[in-house]
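Thanks, everyone. I'll take a few minutes on pockets, starting with the terms as we go.

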Amino acid sequence: MFKTNVKRIIKSGFFGFFRNGFVSLSSVLVMVITLSVIASVIFMSAILNSSLEEIRNKVDVNVYFFTTAQESDILALKKSIEKLPEVKQVEYVSAKEELENFKTRHENDQFTLQALDELSENPLGAKLNIKAKEPHQYEGIAAFLTGENIISRNGQSIVDNVNFPRNKTAIDKLSKIISSAQKLGFFFTLLLIIVSILITFNTIRLVIFISRDEISVMRLVGASALYIRGPFVVSGVLYGVLSGIFTLIIFYPLAIFFGSNFPSSDFDIGFNVLDYYISNFAQTFLIVMGSGIFIGAVSSYLAVKRYLKI
Amino acid sequence: MIYFDKVSKIYADNYVALENVTFSIEKNEFVSIVGQSGAGKTTLIKMLLAEDKPTLGKVFMESIDIHSLRAKAINNFRRKIGVVFQDFRLLPDKTVFENIAFAMEVAGRSDEEIQADVPHALALVDLGNKMWNFPRELSGGEKQRVAIARAIVNQPEILIADEPTGNLDPINTQEIVKVLKKINDLGTTVILTTHNKGVIDSLGKRVITMENGRIIRDDKEGKYVI
(Lines give C-alpha, C1' and ligand atoms only; values in the text may rest on other atoms or scores of the structure.)
Protein backbone atom coordinates (compact mmCIF):
# COMPACT_ATOMS: atom_id res chain seq x y z
CA MET A 1 0.00 0.00 0.00
CA PHE A 2 2.89 2.35 0.85
CA LYS A 3 4.27 1.99 -2.68
CA THR A 4 0.83 2.64 -4.19
CA ASN A 5 0.37 5.72 -2.00
CA VAL A 6 3.78 7.12 -2.98
CA LYS A 7 2.95 6.53 -6.65
CA ARG A 8 -0.43 8.26 -6.25
CA ILE A 9 1.10 11.22 -4.39
CA ILE A 10 3.77 11.73 -7.07
CA LYS A 11 1.22 11.41 -9.87
CA SER A 12 -1.14 13.84 -8.17
CA GLY A 13 1.75 16.30 -7.60
CA PHE A 14 2.65 16.22 -11.32
CA PHE A 15 -1.00 16.66 -12.36
CA GLY A 16 -1.44 19.54 -9.93
CA PHE A 17 1.69 21.21 -11.30
CA PHE A 18 0.72 20.97 -14.97
CA ARG A 19 -3.03 21.61 -14.56
CA ASN A 20 -2.29 24.84 -12.67
CA GLY A 21 0.10 25.85 -15.43
CA PHE A 22 -0.07 29.62 -14.95
CA VAL A 23 0.24 29.52 -11.16
CA SER A 24 3.11 27.03 -11.46
CA LEU A 25 4.87 29.23 -14.01
CA SER A 26 4.60 32.26 -11.70
CA SER A 27 6.05 30.29 -8.80
CA VAL A 28 8.86 28.99 -11.00
CA LEU A 29 9.70 32.52 -12.16
CA VAL A 30 9.83 33.85 -8.60
CA MET A 31 12.02 30.93 -7.63
CA VAL A 32 14.31 31.57 -10.62
CA ILE A 33 14.96 35.02 -9.11
CA THR A 34 15.80 33.47 -5.74
CA LEU A 35 18.10 30.89 -7.28
CA SER A 36 19.73 33.58 -9.45
CA VAL A 37 20.51 35.51 -6.26
CA ILE A 38 22.08 32.38 -4.79
CA ALA A 39 24.04 31.66 -7.99
CA SER A 40 25.19 35.30 -8.19
CA VAL A 41 26.36 35.07 -4.61
CA ILE A 42 28.43 31.99 -5.53
CA PHE A 43 30.03 33.84 -8.45
CA MET A 44 30.54 37.09 -6.55
CA SER A 45 32.18 35.35 -3.63
CA ALA A 46 34.43 33.44 -6.05
CA ILE A 47 35.40 36.74 -7.73
CA LEU A 48 35.95 38.42 -4.35
CA ASN A 49 38.05 35.56 -3.02
CA SER A 50 40.07 35.40 -6.21
CA SER A 51 40.69 39.16 -6.17
CA LEU A 52 41.68 39.11 -2.51
CA GLU A 53 43.95 36.15 -3.13
CA GLU A 54 45.56 38.01 -6.00
CA ILE A 55 46.14 41.10 -3.85
CA ARG A 56 47.53 38.93 -1.06
CA ASN A 57 49.95 37.32 -3.48
CA LYS A 58 51.28 40.71 -4.45
CA VAL A 59 52.27 41.50 -0.89
CA ASP A 60 55.50 40.15 0.55
CA VAL A 61 58.32 41.08 2.87
CA ASN A 62 61.77 41.32 1.32
CA VAL A 63 64.94 40.67 3.29
CA TYR A 64 68.05 42.16 1.68
CA PHE A 65 71.41 40.69 2.66
CA PHE A 66 74.87 42.24 2.75
CA THR A 67 77.00 41.36 -0.25
CA THR A 68 79.36 39.66 2.15
CA ALA A 69 76.70 37.26 3.40
CA GLN A 70 77.43 33.63 2.61
CA GLU A 71 74.87 31.77 0.49
CA SER A 72 74.94 28.85 2.95
CA ASP A 73 74.00 31.22 5.82
CA ILE A 74 71.17 32.68 3.79
CA LEU A 75 69.85 29.24 2.85
CA ALA A 76 70.05 28.16 6.48
CA LEU A 77 68.05 31.23 7.43
CA LYS A 78 65.57 30.44 4.63
CA LYS A 79 65.05 27.01 6.14
CA SER A 80 64.40 28.37 9.62
CA ILE A 81 61.97 30.98 8.24
CA GLU A 82 60.10 28.26 6.35
CA LYS A 83 59.57 26.51 9.66
CA LEU A 84 57.53 29.45 11.00
CA PRO A 85 53.83 28.52 11.04
CA GLU A 86 52.70 31.85 9.58
CA VAL A 87 54.98 31.61 6.54
CA LYS A 88 53.44 30.43 3.29
CA GLN A 89 56.39 30.62 0.94
CA VAL A 90 60.00 31.82 0.91
CA GLU A 91 61.78 32.56 -2.34
CA TYR A 92 65.57 32.90 -2.53
CA VAL A 93 66.99 35.31 -5.09
CA SER A 94 70.76 35.09 -5.36
CA ALA A 95 72.97 38.19 -5.78
CA LYS A 96 73.59 37.21 -9.40
CA GLU A 97 69.89 36.86 -10.19
CA GLU A 98 69.20 40.12 -8.39
CA LEU A 99 71.77 41.84 -10.66
CA GLU A 100 70.15 40.33 -13.76
CA ASN A 101 66.72 41.48 -12.58
CA PHE A 102 68.11 44.94 -11.93
CA LYS A 103 69.62 45.10 -15.43
CA THR A 104 66.35 43.98 -17.00
CA ARG A 105 64.43 46.58 -15.05
CA HIS A 106 66.81 49.34 -16.21
CA GLU A 107 67.50 48.18 -19.76
CA ASN A 108 66.47 51.58 -21.13
CA ASP A 109 68.55 53.48 -18.60
CA GLN A 110 72.01 53.55 -20.16
CA PHE A 111 73.56 55.75 -17.45
CA THR A 112 72.71 53.38 -14.68
CA LEU A 113 73.91 50.40 -16.67
CA GLN A 114 77.18 52.15 -17.49
CA ALA A 115 77.68 53.06 -13.84
CA LEU A 116 77.08 49.45 -12.95
CA ASP A 117 79.67 48.32 -15.47
CA GLU A 118 82.23 50.65 -13.86
CA LEU A 119 82.06 48.62 -10.69
CA SER A 120 84.26 45.58 -10.53
CA GLU A 121 81.99 43.74 -8.06
CA ASN A 122 78.28 43.07 -7.90
CA PRO A 123 76.93 45.80 -5.56
CA LEU A 124 73.71 43.96 -4.93
CA GLY A 125 73.20 41.37 -2.23
CA ALA A 126 70.96 38.34 -2.28
CA LYS A 127 67.43 38.59 -0.97
CA LEU A 128 64.57 36.49 0.37
CA ASN A 129 60.97 37.18 -0.65
CA ILE A 130 58.65 35.99 2.12
CA LYS A 131 54.93 35.53 1.79
CA ALA A 132 52.76 35.08 4.88
CA LYS A 133 49.56 33.05 5.00
CA GLU A 134 47.56 36.06 6.27
CA PRO A 135 48.46 39.75 5.88
CA HIS A 136 48.37 40.42 9.64
CA GLN A 137 51.13 37.84 10.15
CA TYR A 138 53.82 39.96 8.48
CA GLU A 139 54.51 41.81 11.69
CA GLY A 140 55.43 38.58 13.47
CA ILE A 141 57.70 37.52 10.62
CA ALA A 142 59.39 40.95 10.59
CA ALA A 143 59.98 40.67 14.34
CA PHE A 144 61.64 37.30 13.81
CA LEU A 145 63.87 38.75 11.12
CA THR A 146 65.06 41.65 13.27
CA GLY A 147 65.81 39.36 16.18
CA GLU A 148 69.11 37.84 17.04
CA ASN A 149 68.60 34.67 15.06
CA ILE A 150 69.96 36.09 11.84
CA ILE A 151 73.56 36.25 12.69
CA SER A 152 76.15 34.41 10.66
CA ARG A 153 78.69 32.01 12.05
CA ASN A 154 81.19 34.84 12.77
CA GLY A 155 78.68 36.73 14.89
CA GLN A 156 77.92 39.51 12.38
CA SER A 157 74.41 40.28 11.20
CA ILE A 158 73.99 39.25 7.58
CA VAL A 159 70.74 41.22 7.03
CA ASP A 160 71.17 44.60 5.45
CA ASN A 161 67.54 45.66 5.39
CA VAL A 162 63.99 44.35 5.91
CA ASN A 163 61.40 46.38 4.04
CA PHE A 164 58.51 45.57 6.36
CA PRO A 165 58.39 48.94 8.19
CA ARG A 166 58.04 50.69 4.83
CA ASN A 167 55.18 48.37 3.76
CA LYS A 168 53.59 48.23 7.19
CA THR A 169 50.88 50.86 6.60
CA ALA A 170 49.90 49.33 3.28
CA ILE A 171 49.80 45.83 4.76
CA ASP A 172 47.74 46.97 7.75
CA LYS A 173 45.28 48.70 5.46
CA LEU A 174 45.07 45.62 3.27
CA SER A 175 44.42 43.39 6.29
CA LYS A 176 41.55 45.67 7.32
CA ILE A 177 40.08 45.82 3.81
CA ILE A 178 40.20 42.06 3.40
CA SER A 179 38.62 41.39 6.76
CA SER A 180 35.88 44.03 6.23
CA ALA A 181 35.18 42.81 2.70
CA GLN A 182 34.75 39.28 3.98
CA LYS A 183 32.48 40.33 6.86
CA LEU A 184 30.39 42.65 4.70
CA GLY A 185 30.17 40.04 1.96
CA PHE A 186 28.97 37.44 4.43
CA PHE A 187 26.21 39.61 5.91
CA PHE A 188 25.14 40.95 2.53
CA THR A 189 24.98 37.42 1.14
CA LEU A 190 23.04 36.16 4.13
CA LEU A 191 20.56 39.05 3.88
CA LEU A 192 20.00 38.55 0.15
CA ILE A 193 19.47 34.83 0.55
CA ILE A 194 17.04 35.27 3.47
CA VAL A 195 15.01 37.92 1.61
CA SER A 196 14.74 35.86 -1.55
CA ILE A 197 13.81 32.71 0.36
CA LEU A 198 11.06 34.66 2.15
CA ILE A 199 9.70 35.94 -1.17
CA THR A 200 9.59 32.41 -2.56
CA PHE A 201 8.01 31.07 0.62
CA ASN A 202 5.27 33.68 0.43
CA THR A 203 4.63 32.98 -3.24
CA ILE A 204 4.17 29.29 -2.54
CA ARG A 205 1.99 30.16 0.45
CA LEU A 206 -0.26 32.16 -1.86
CA VAL A 207 -0.44 29.25 -4.30
CA ILE A 208 -1.52 26.94 -1.49
CA PHE A 209 -3.89 29.58 -0.11
CA ILE A 210 -5.77 29.27 -3.41
CA SER A 211 -6.12 25.55 -2.70
CA ARG A 212 -7.33 25.91 0.90
CA ASP A 213 -10.91 24.82 0.11
CA GLU A 214 -9.55 21.84 -1.77
CA ILE A 215 -7.48 20.91 1.28
CA SER A 216 -10.53 21.11 3.56
CA VAL A 217 -12.49 18.84 1.19
CA MET A 218 -9.64 16.33 1.19
CA ARG A 219 -9.68 16.44 4.99
CA LEU A 220 -13.44 15.86 5.11
CA VAL A 221 -13.30 12.79 2.88
CA GLY A 222 -10.83 11.37 5.37
CA ALA A 223 -7.45 11.97 3.71
CA SER A 224 -4.49 11.85 6.09
CA ALA A 225 -2.26 14.91 6.51
CA LEU A 226 0.56 13.17 4.67
CA TYR A 227 -1.69 12.24 1.76
CA ILE A 228 -2.83 15.86 1.39
CA ARG A 229 0.60 17.38 1.85
CA GLY A 230 2.43 14.93 -0.42
CA PRO A 231 1.25 16.24 -3.81
CA PHE A 232 1.92 19.86 -2.78
CA VAL A 233 5.44 18.94 -1.72
CA VAL A 234 5.95 17.09 -5.03
CA SER A 235 4.79 20.23 -6.89
CA GLY A 236 7.19 22.28 -4.73
CA VAL A 237 10.05 19.97 -5.69
CA LEU A 238 9.06 20.39 -9.36
CA TYR A 239 9.14 24.19 -8.96
CA GLY A 240 12.66 23.79 -7.57
CA VAL A 241 13.90 21.46 -10.32
CA LEU A 242 12.53 23.59 -13.17
CA SER A 243 13.72 26.84 -11.60
CA GLY A 244 17.16 25.30 -11.07
CA ILE A 245 17.37 24.26 -14.73
CA PHE A 246 16.20 27.70 -15.93
CA THR A 247 18.67 29.48 -13.64
CA LEU A 248 21.60 27.37 -14.84
CA ILE A 249 20.57 27.97 -18.47
CA ILE A 250 20.27 31.74 -17.90
CA PHE A 251 23.70 31.90 -16.26
CA TYR A 252 25.49 30.22 -19.18
CA PRO A 253 25.14 33.11 -21.68
CA LEU A 254 25.79 35.55 -18.83
CA ALA A 255 29.01 33.73 -18.02
CA ILE A 256 30.01 33.83 -21.71
CA PHE A 257 29.28 37.57 -21.80
CA PHE A 258 31.28 38.36 -18.66
CA GLY A 259 34.01 35.90 -19.60
CA SER A 260 34.59 37.47 -23.03
CA ASN A 261 34.02 41.12 -22.12
CA PHE A 262 35.90 41.09 -18.85
CA PRO A 263 38.71 38.58 -19.38
CA SER A 264 41.00 37.93 -16.45
CA SER A 265 44.02 39.49 -18.23
CA ASP A 266 42.31 42.92 -18.45
CA PHE A 267 41.36 43.09 -14.83
CA ASP A 268 44.30 41.29 -13.36
CA ILE A 269 42.13 39.46 -10.85
CA GLY A 270 43.09 35.99 -12.03
CA PHE A 271 39.43 35.09 -12.60
CA ASN A 272 37.33 34.30 -15.64
CA VAL A 273 33.60 33.85 -14.99
CA LEU A 274 33.08 31.44 -17.89
CA ASP A 275 36.05 29.27 -16.87
CA TYR A 276 34.76 29.24 -13.32
CA TYR A 277 31.21 28.34 -14.45
CA ILE A 278 32.44 25.44 -16.58
CA SER A 279 35.02 24.06 -14.19
CA ASN A 280 32.70 24.34 -11.16
CA PHE A 281 29.50 23.34 -12.97
CA ALA A 282 28.87 20.24 -10.87
CA GLN A 283 29.19 22.19 -7.63
CA THR A 284 27.03 25.10 -8.89
CA PHE A 285 24.45 22.62 -10.22
CA LEU A 286 24.21 20.88 -6.85
CA ILE A 287 23.92 24.12 -4.88
CA VAL A 288 21.35 25.77 -7.20
CA MET A 289 19.28 22.63 -7.74
CA GLY A 290 19.55 21.56 -4.09
CA SER A 291 18.49 25.03 -2.87
CA GLY A 292 15.55 25.05 -5.30
CA ILE A 293 14.31 21.62 -4.27
CA PHE A 294 14.82 22.36 -0.59
CA ILE A 295 13.06 25.76 -0.68
CA GLY A 296 10.19 24.39 -2.82
CA ALA A 297 9.61 21.31 -0.68
CA VAL A 298 9.94 23.00 2.72
CA SER A 299 7.80 26.01 1.71
CA SER A 300 5.02 23.74 0.45
CA TYR A 301 5.23 21.51 3.50
CA LEU A 302 4.94 24.46 5.89
CA ALA A 303 2.32 26.33 3.85
CA VAL A 304 -0.11 23.38 3.79
CA LYS A 305 0.23 22.93 7.54
CA ARG A 306 -2.11 25.77 8.53
CA TYR A 307 -4.97 24.45 6.42
CA LEU A 308 -4.79 20.95 7.85
CA LYS A 309 -6.31 21.85 11.20
CA ILE A 310 -9.87 20.70 10.39
CA MET B 1 -26.44 4.51 15.61
CA ILE B 2 -25.88 8.26 16.16
CA TYR B 3 -26.64 9.87 19.50
CA PHE B 4 -26.40 13.56 20.41
CA ASP B 5 -26.31 13.81 24.19
CA LYS B 6 -27.16 17.30 25.53
CA VAL B 7 -24.91 18.99 23.04
CA SER B 8 -24.33 22.76 23.26
CA LYS B 9 -22.02 24.91 21.20
CA ILE B 10 -21.20 28.41 22.39
CA TYR B 11 -18.71 30.46 20.38
CA ALA B 12 -16.17 32.91 21.83
CA ASP B 13 -18.49 35.89 21.36
CA ASN B 14 -21.11 34.09 23.53
CA TYR B 15 -23.17 33.24 20.43
CA VAL B 16 -25.15 30.07 21.19
CA ALA B 17 -25.23 27.96 18.03
CA LEU B 18 -26.60 24.82 19.69
CA GLU B 19 -28.39 24.54 23.03
CA ASN B 20 -28.85 21.28 24.86
CA VAL B 21 -29.57 19.23 21.74
CA THR B 22 -30.48 15.58 22.32
CA PHE B 23 -31.65 13.12 19.68
CA SER B 24 -30.72 9.82 18.09
CA ILE B 25 -30.74 8.45 14.54
CA GLU B 26 -31.26 4.77 13.79
CA LYS B 27 -29.57 2.70 11.11
CA ASN B 28 -31.11 3.05 7.59
CA GLU B 29 -33.18 6.06 8.67
CA PHE B 30 -33.78 9.05 6.36
CA VAL B 31 -33.78 12.11 8.61
CA SER B 32 -34.29 15.69 7.44
CA ILE B 33 -33.13 18.54 9.64
CA VAL B 34 -34.94 21.76 8.82
CA GLY B 35 -34.81 25.30 10.07
CA GLN B 36 -34.11 28.82 8.94
CA SER B 37 -30.60 30.11 8.34
CA GLY B 38 -28.78 30.34 11.68
CA ALA B 39 -31.01 27.70 13.30
CA GLY B 40 -27.97 25.49 13.97
CA LYS B 41 -28.23 22.88 11.18
CA THR B 42 -24.71 23.33 9.84
CA THR B 43 -23.21 23.46 13.35
CA LEU B 44 -24.93 20.15 14.04
CA ILE B 45 -23.35 18.62 10.92
CA LYS B 46 -19.92 20.01 11.89
CA MET B 47 -20.24 18.28 15.27
CA LEU B 48 -21.11 15.02 13.56
CA LEU B 49 -18.10 15.28 11.21
CA ALA B 50 -15.77 16.17 14.10
CA GLU B 51 -14.99 19.43 12.30
CA ASP B 52 -15.79 21.31 15.48
CA LYS B 53 -16.05 20.28 19.15
CA PRO B 54 -19.11 20.83 21.33
CA THR B 55 -18.78 23.18 24.29
CA LEU B 56 -20.93 20.82 26.37
CA GLY B 57 -22.30 17.31 25.80
CA LYS B 58 -21.15 14.43 23.63
CA VAL B 59 -21.77 12.96 20.19
CA PHE B 60 -21.70 9.19 19.88
CA MET B 61 -21.39 6.99 16.81
CA GLU B 62 -22.39 3.52 18.00
CA SER B 63 -20.78 3.68 21.45
CA ILE B 64 -17.80 5.83 20.51
CA ASP B 65 -17.54 9.47 21.61
CA ILE B 66 -16.29 10.86 18.29
CA HIS B 67 -14.67 13.93 19.83
CA SER B 68 -12.39 11.79 21.94
CA LEU B 69 -10.84 10.24 18.82
CA ARG B 70 -7.23 10.96 17.82
CA ALA B 71 -6.39 12.50 14.40
CA LYS B 72 -5.79 9.16 12.67
CA ALA B 73 -8.98 7.64 14.07
CA ILE B 74 -10.91 10.73 12.95
CA ASN B 75 -9.67 10.12 9.38
CA ASN B 76 -10.93 6.53 9.58
CA PHE B 77 -14.23 7.68 11.08
CA ARG B 78 -14.76 10.24 8.29
CA ARG B 79 -14.25 7.52 5.69
CA LYS B 80 -17.43 5.85 7.06
CA ILE B 81 -19.42 9.00 6.32
CA GLY B 82 -20.19 10.42 2.90
CA VAL B 83 -20.77 14.18 2.77
CA VAL B 84 -22.48 16.35 0.16
CA PHE B 85 -22.34 20.14 0.48
CA GLN B 86 -24.45 22.94 -0.97
CA ASP B 87 -21.40 24.33 -2.83
CA PHE B 88 -20.43 20.84 -4.11
CA ARG B 89 -16.79 21.21 -2.96
CA LEU B 90 -15.32 19.19 -5.79
CA LEU B 91 -11.57 19.28 -6.42
CA PRO B 92 -11.38 21.71 -9.36
CA ASP B 93 -8.13 20.38 -10.84
CA LYS B 94 -9.30 16.79 -10.93
CA THR B 95 -11.62 15.20 -13.46
CA VAL B 96 -14.96 13.70 -12.39
CA PHE B 97 -13.32 10.26 -12.33
CA GLU B 98 -10.37 11.53 -10.25
CA ASN B 99 -12.64 13.34 -7.78
CA ILE B 100 -14.42 10.10 -6.98
CA ALA B 101 -11.23 8.04 -7.16
CA PHE B 102 -9.65 10.40 -4.59
CA ALA B 103 -12.19 9.38 -1.93
CA MET B 104 -11.37 5.73 -2.66
CA GLU B 105 -7.61 6.35 -2.63
CA VAL B 106 -7.71 7.91 0.84
CA ALA B 107 -9.71 4.91 2.02
CA GLY B 108 -6.81 2.71 0.89
CA ARG B 109 -8.61 1.02 -2.01
CA SER B 110 -6.60 -0.64 -4.76
CA ASP B 111 -6.32 0.66 -8.35
CA GLU B 112 -8.38 -2.30 -9.58
CA GLU B 113 -11.22 -1.52 -7.15
CA ILE B 114 -11.12 2.13 -8.20
CA GLN B 115 -11.32 1.24 -11.90
CA ALA B 116 -14.30 -1.02 -11.19
CA ASP B 117 -16.28 1.05 -8.63
CA VAL B 118 -16.03 4.63 -9.96
CA PRO B 119 -18.01 3.91 -13.15
CA HIS B 120 -20.65 2.15 -11.01
CA ALA B 121 -21.03 5.12 -8.69
CA LEU B 122 -21.29 7.45 -11.70
CA ALA B 123 -23.87 5.21 -13.34
CA LEU B 124 -25.95 5.37 -10.13
CA VAL B 125 -26.15 9.18 -10.45
CA ASP B 126 -26.54 8.93 -14.24
CA LEU B 127 -23.25 10.64 -15.12
CA GLY B 128 -21.34 7.82 -16.82
CA ASN B 129 -20.73 9.97 -19.88
CA LYS B 130 -19.04 12.85 -18.00
CA MET B 131 -16.27 10.81 -16.42
CA TRP B 132 -13.36 12.72 -17.99
CA ASN B 133 -14.82 16.22 -17.68
CA PHE B 134 -13.54 18.75 -15.15
CA PRO B 135 -16.05 20.21 -12.63
CA ARG B 136 -15.97 23.60 -14.42
CA GLU B 137 -17.46 21.86 -17.47
CA LEU B 138 -20.54 20.61 -15.57
CA SER B 139 -23.88 22.21 -14.64
CA GLY B 140 -24.85 22.73 -10.97
CA GLY B 141 -27.03 19.62 -10.90
CA GLU B 142 -24.29 17.52 -12.48
CA LYS B 143 -21.72 18.80 -10.00
CA GLN B 144 -23.99 17.85 -7.13
CA ARG B 145 -24.48 14.38 -8.58
CA VAL B 146 -20.69 13.98 -8.81
CA ALA B 147 -20.48 15.03 -5.16
CA ILE B 148 -23.08 12.39 -4.29
CA ALA B 149 -21.19 9.73 -6.28
CA ARG B 150 -18.02 10.67 -4.38
CA ALA B 151 -19.90 10.49 -1.07
CA ILE B 152 -21.28 7.00 -1.68
CA VAL B 153 -18.44 5.33 -3.55
CA ASN B 154 -16.91 3.92 -0.35
CA GLN B 155 -20.33 2.55 0.65
CA PRO B 156 -20.52 4.69 3.79
CA GLU B 157 -22.81 3.84 6.67
CA ILE B 158 -24.10 7.42 6.71
CA LEU B 159 -24.61 10.01 3.99
CA ILE B 160 -24.84 13.61 5.15
CA ALA B 161 -26.32 16.04 2.65
CA ASP B 162 -25.92 19.63 3.88
CA GLU B 163 -28.33 21.81 1.86
CA PRO B 164 -27.59 19.80 -1.31
CA THR B 165 -30.32 21.49 -3.34
CA GLY B 166 -29.62 25.04 -2.17
CA ASN B 167 -27.98 26.07 -5.44
CA LEU B 168 -30.19 24.06 -7.80
CA ASP B 169 -33.30 24.70 -9.88
CA PRO B 170 -36.53 22.72 -9.09
CA ILE B 171 -35.92 20.03 -11.73
CA ASN B 172 -32.36 19.32 -10.55
CA THR B 173 -33.59 19.47 -6.95
CA GLN B 174 -36.09 16.67 -7.63
CA GLU B 175 -33.33 14.65 -9.37
CA ILE B 176 -31.07 14.96 -6.33
CA VAL B 177 -33.86 14.01 -3.91
CA LYS B 178 -34.60 10.95 -6.05
CA VAL B 179 -30.94 9.90 -5.91
CA LEU B 180 -30.83 10.38 -2.12
CA LYS B 181 -33.95 8.23 -1.71
CA LYS B 182 -32.39 5.54 -3.90
CA ILE B 183 -29.24 5.55 -1.74
CA ASN B 184 -31.38 5.25 1.40
CA ASP B 185 -33.30 2.35 -0.15
CA LEU B 186 -29.97 0.61 -0.76
CA GLY B 187 -29.34 0.65 3.01
CA THR B 188 -27.45 3.87 3.79
CA THR B 189 -28.57 6.19 6.60
CA VAL B 190 -29.23 9.63 5.10
CA ILE B 191 -29.16 12.93 7.02
CA LEU B 192 -30.45 15.83 4.97
CA THR B 193 -30.42 19.45 6.03
CA THR B 194 -32.53 21.83 3.99
CA HIS B 195 -34.97 24.72 4.13
CA ASN B 196 -36.75 23.64 0.94
CA LYS B 197 -40.39 23.04 1.89
CA GLY B 198 -41.13 21.15 -1.36
CA VAL B 199 -38.35 18.65 -0.75
CA ILE B 200 -39.45 17.88 2.83
CA ASP B 201 -43.14 17.58 1.97
CA SER B 202 -42.43 15.20 -0.93
CA LEU B 203 -40.24 12.92 1.17
CA GLY B 204 -42.68 11.87 3.89
CA LYS B 205 -39.81 10.89 6.23
CA ARG B 206 -38.69 11.89 9.74
CA VAL B 207 -38.21 15.66 10.18
CA ILE B 208 -36.29 17.38 13.00
CA THR B 209 -37.10 21.09 13.15
CA MET B 210 -34.58 23.50 14.70
CA GLU B 211 -34.86 27.09 15.83
CA ASN B 212 -32.25 29.25 17.56
CA GLY B 213 -30.00 26.28 18.22
CA ARG B 214 -32.71 24.13 19.78
CA ILE B 215 -34.86 21.23 18.53
CA ILE B 216 -38.46 22.38 18.57
CA ARG B 217 -40.12 19.41 16.75
CA ASP B 218 -39.19 15.85 15.90
CA ASP B 219 -41.90 14.21 13.72
CA LYS B 220 -41.77 10.65 12.40
CA GLU B 221 -43.41 11.48 9.09
CA GLY B 222 -43.11 15.20 9.17
CA LYS B 223 -43.86 18.21 7.05
CA TYR B 224 -42.07 21.52 6.82
CA VAL B 225 -43.69 23.55 9.62
CA ILE B 226 -41.98 26.81 10.56
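Helices here are DSSP runs of H or I with at least four residues, numbered from the N terminus. This is a predicted model, in which local features need pLDDT of at least 70 and side-chain atom pairs count only at pLDDT 80 or more, while totals for chains, interfaces and linings use all residues. Residues are numbered from 1 along each chain as its sequence is written, chains are lettered from A in the order in which they are written, and side-chain values use heavy atoms, without hydrogens and water.

A pocket, on a 1 Å grid over the protein atoms alone, is an open set of points where a 1.4 Å probe fits, with protein on both sides within 12 Å along at least five of seven lines; lining residues have an atom within 4 Å of a point. Volume is the space filled by probe spheres set on the points, which are joined across faces, edges and corners.

The largest pocket comes out at about 540 Å³. It has 28 lining residues, and those closest to its centre are Asn20(A), Ser211(A), Glu214(A), Phe232(A) and Asp93(B). In chain A, α1 (2–19), α2 (21–58), α7 (164–210), α8 (212–220) and α9 (225–261) each give at least two lining residues. The largest share, five residues, is from α1(A).

Now the second largest pocket, at about 380 Å³. Of its 19 lining residues, Arg8(A), Lys11(A), Glu98(B), Ala101(B) and Glu105(B) lie nearest the centre. Here too α1(A) supplies the largest share of the lining, seven residues.
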